[in-house]
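Subject: Handing over the structure, with notes

Dear colleague,

I am passing the structure on to you together with some notes on what was found in it. Please keep it open beside this message while you read.

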Amino acid sequence: MDATQYGKLNRLINGNISINIANEKDCVVYGTTTELLTMDTSSEEAREEPEVEQAATRDRDQWGKGIEFLFSCIALSVGLGNVWRFPFIALENGGGAFLIPYLVVLLLVGRPIYYMEVIIGQFSSRGCIRAFDMVPIMKGVAYGQVYSTALATTYYACIMALTIRYLVVSFSEVLPWTYCLVEWGSQCVATAATGPNSTITNYTNINSTVVQGISSAELYFTRTVLREPVSLEDGLGTPSWEMVMCLLVTWVIIAITLFKGIRSSGKASYFLALFPYVIMLILLVRAVTLPGAWQGIAYFVKPQWDQLLNPHVWYAAITQMFFSLAICFGTLIMYASFNDFHKRVHKDVIIITSIDSFTSILAGCIIFGILGNLAHETNTTDISTVVKGGAGLAFISYPEAIAKFKYLPQLFAALFFFMLLVLGIGSNIGMASSVINVVKDRYPQLPHWKLAIGASVIGFVCGLVYMTPGGQFVLNLVDFYGCTFIALVLAIAELLAVGWIYGVKRLCSDIEFMLNAKTSFYWRICWAIVAPGLMFLVLVYMLCSYEPLTYKDVPYPPAAYLAGWLIWGLGVAQLPFWAIYTIYQQPGNSFRSKLKLALEPTADWGPRQPQQLQAYLLHRKKTQESKVQRGGYFIDNIFG
């Protein structure tokens, strides 16, 4: 389709051309360079779109402004993983050398999949469930992704509750993690102490046994905030009322933000996407001016070139990119479904993925600048000894470092935890929206505010388990079996469904119809070969290196492992269940005919607006009539 054809078609879609057809049959006009063609939409193929679907199309929301999509995706992708996961993963996988595989994976996996999901959502104007009308037999991928996203939403809110707890106590006259309580015993080392004697050192107890000292920041987090047991032998325990109240506040914020759907969350995205960078800039300026900060940053970025040949480094880079960008969770398809049909999204994709990676590196410089100062204050030459991974980095190492600040430690503590809160809320809103819009697409008559309140109540109730003393054990279990493990399997299934069943060739044809733009071989090869191939290698590596999950080197009881595999099985089982159900639902007298129909898009697959759908059906008809196959299916699918 050249520019002239596209212009005629676009004017038709926007209602600027009116044609009177004999017999008053519905029709669509398709522009060519020399003629106008008409298609009788009274045919069975063109009249398949149900009236209910047309009503849902008219009622579907759209972003108030196109930039709201950009900011919402930034708020979704840039989250806690950038602040606490990336610096630690980079540190243990080669430091500066980790950035090389990380950026390679960004170009070969992260950005192509991001673009693919955004295109699917914008083209179909459907949520992630209905978007798989393109490959009905693989609809279980979408159901599994929604299931995994719902699980992630519940425990992500738990981390937000921890952030609110720390934010509130940051306004105390004396930061509560800077001093020892009597009940913590003599092993406690006050974090607020400075100088040579403040190092967390060993001490000898009355039995002449050398015992490792523990910082007050770590004891405050584990003993006071979490009330964490050594193991789950005595059960999970009862929820902490302080944490329950923080969890309630978290879900109230989410419910208010989602009260009017994207009309309210889109407006909130301006703040959620931009404000964290204001705080990051303040913290960066403060971090680089601290004594020892540059040693910490150098430790973070110093390459360990021998690590480039370590397969675990590439595995870590792919998994970090996967979860940092929030690809293959259904949220991107949902957000893009509210776009204008002709929005040029490839620029947005490049901006979002670049900002996400930049933020990870920026956060690493801030974190390790401050940890470098901690090492300087405690006369420690090995910075790795003051670093804790995951939640420990945010709630132990950083508070411990900020307690060493000579001026206004409360201010910088409040700024840091408020930044974490905003980042987390932005990501959680995207995940909650994805789950809510699955219900909204199925029952479009339900008002947004009821869905938002209902989802928040359910999320709050489910989140109570994480507020118990054993909650972090449960969080670790759900994160691995319910998100990481499931997401990898479903991601591979999604890439195979889109790239090989629906076909890269047809996807590129859809892009040309929607945006009047050709798709380069870079995108085609990544979608068809590179991305699914690398994701499959990651899954194989994970299975080969699998060991029973532990939390702080403490194994789970057998019942917990069983629960974990049940969580995983329920998510992955969506694939065969919906495949069998879809095949059974197809008309036909034989399994082969039913299977063939289940592999093909539904009759109403395409743009949801009736005029656009009619134009698309004619576009497909002309494409099929004029297609010339290049070589076998493998070559034709990629380069055709």
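Which residues does V146 touch, not counting residues up to four places away in sequence? They are C128, I129, V435 and V438, where a contact means heavy atoms within 4.5 Å. V146 is found in helix 7, and helices (H or I, at least four residues) and strands (E, at least two) are here DSSP runs, numbered from the N terminus. With a relative accessible area of 12%, V146 is buried; buried means under 20% relative accessible area, exposed means over 50%, and partly exposed lies in between, for a 1.4 Å probe and protein chains only. V146 and I436 are 290 residues apart along the chain, yet 9.7 Å separates their C-alpha atoms.

Two remarks on how to read the values come next. This is a predicted model, in which local features need pLDDT of at least 70 and side-chain atom pairs count only at pLDDT 80 or more, while totals for chains, interfaces and linings use all residues. Residues are numbered from 1 along each chain as its sequence is written, and side-chain values use heavy atoms, with hydrogens and water left out.

The protein as a whole

The protein has 24 helices and 8 strands, and of its 640 residues 57% are buried. Among the contacts with a separation of 6 or more, 81% are between residues 24 or more positions apart.

Helix 5 and its partners

Helix 5 (residues 99–124) has 26 residues and reaches 35 Å from its first C-alpha to its last, close to the 38 Å expected at 1.5 Å a residue, the expected span being 1.5 Å times one less than the number of residues. Helix 5 bends by about 45 degrees at L106, where the bend is the angle between axes fitted to the seven residues ending at a residue and the seven starting there. Because 21 of its 26 residues are buried, helix 5 is largely enclosed by the rest of the structure. Helix 5 is followed by S125, which has a positive phi near 50 degrees.

How does helix 5 meet helix 19 (residues 521–544), and at what angle do the axes cross? The two axes come within 9 Å and cross at roughly 115 degrees; axes are lines fitted to C-alpha atoms, for helices over the stretch in contact, and angles run from 0 to 180 degrees between N-to-C directions. The crossing is left-handed, a term used if the near helix is turned anticlockwise from the far one by less than a right angle, whereas clockwise would be right-handed. On the side of helix 5 the contact includes L107, L108 and R111, and on the side of helix 19 it includes W523, W527 and L534. The residues of this contact divide into 15 nonpolar, no polar and 1 charged, where Ala, Val, Leu, Ile, Met, Phe, Trp, Tyr, Cys and Pro count as nonpolar, Asp, Glu, Lys and Arg as charged, and the others, Gly among them, as polar.

Helix 5 also packs with helix 18 (residues 471–515), at an angle of about 65 degrees and with the axes 10 Å apart, and this crossing too is left-handed. Among the residues that make the contact are I119 and F123 of helix 5 and L495 and F513 of helix 18. Its residues divide into 13 nonpolar, 1 polar and 3 charged.

Between helix 18 and helix 19 lies a loop that holds N516, a residue with a positive phi of about 55 degrees although it is not a glycine. N516 is partly exposed, with a relative accessible area of 22%.

Other helices and loops

Helix 14 (residues 345–377) has 33 residues and reaches 48 Å from its first C-alpha to its last, close to the 48 Å expected. Since 24 of its 33 residues are buried, helix 14 is largely enclosed by the rest of the structure. In helix 10 there is a kink of about 35 degrees, centred on A268.

E173 and Q410 are 237 residues apart in sequence but 7.9 Å apart in space, C-alpha to C-alpha. By contrast, A326, in the loop between helix 12 and helix 13, counts as buried at 11% relative accessibility.

With best wishes
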